[in-house]
Amino acid sequence: MASKLPTLTVEMWSDIVCPFCFVGKRKLELALKQLQFVPHTASAAPDAKTYKINFRAFELDPTTPAMPNESLPVRLSKKFGMPEPQAVSMLGEMEDTFKSVGLTFNWKVAKPGNTMDAHRLIH
């Protein structure tokens, strides 16, 4: 039997390569669990607090080439007009943020690129 309580619906706009989006999604999941929400399904108990997340596409940087021939630090350095060591430091900080919520950020092997085709596949 489905829950009789209203379902919390969250509209989540994100780019699939946005590290801040990954962290935000994880923090939302942790908060929902802490507040004892369960996914909205037909089998949810009548007194269950349920949620549903609607994922929406947001292309973070439409100007990114489909397959740039550069590392992520080089791409960020150019995009934000910062020295490459600063971009590396920024990525290291994001790696620490990922660890703080139980995720892994493999920025050293990440390949930057345009995400439009990926959004087309998943939406």
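1. Basis. The model is predicted, so local features need pLDDT of at least 70 and side-chain atom pairs count only at pLDDT 80 or more, while totals for chains, interfaces and linings use all residues. Residues are numbered from 1 along each chain as its sequence is written, and side-chain values use heavy atoms, with hydrogens and water left out.

2. Helix geometry. Helix 1 (residues 19-34) packs with helix 3 (residues 84-100) at an angle of about 15°, and their axes lie 10 Å apart. Helices here are DSSP runs of H or I with at least four residues, numbered from the N terminus; axes are lines fitted to C-alpha atoms over the stretch in contact, and angles run from 0 to 180 degrees between N-to-C directions. Helix 1 and helix 3 are therefore roughly parallel (angles under 35 degrees).

3. Helix contact. On helix 1, P19, F20, F22 and V23 meet M94, T97 and F98 of helix 3 (contact: heavy atoms within 4.5 Å). By class, the residues of this contact comprise six nonpolar, one polar and no charged; Val, Met, Phe and Pro are among those counted as nonpolar, Asp, Glu, Lys and Arg count as charged, and the others, Gly among them, as polar.

4. Cysteines. The structure holds zero disulfides, a disulfide being a pair of cysteine sulfur atoms within 2.5 Å. For C18, the nearest cysteine sulfur is that of C21, 3.1 Å away.

5. Accessibility. C18 counts as buried at 5% relative accessibility, whereas C21 is partly exposed at 22% (buried: under 20% relative accessible area; exposed: over 50%; partly exposed: in between; 1.4 Å probe, protein chains only).

Note on methods. Helices (H or I, at least four residues) and strands (E, at least two) are DSSP runs, numbered from the N terminus. Angles under 35 degrees count as roughly parallel, over 145 as roughly antiparallel, 65 to 115 as roughly perpendicular and the rest as oblique.
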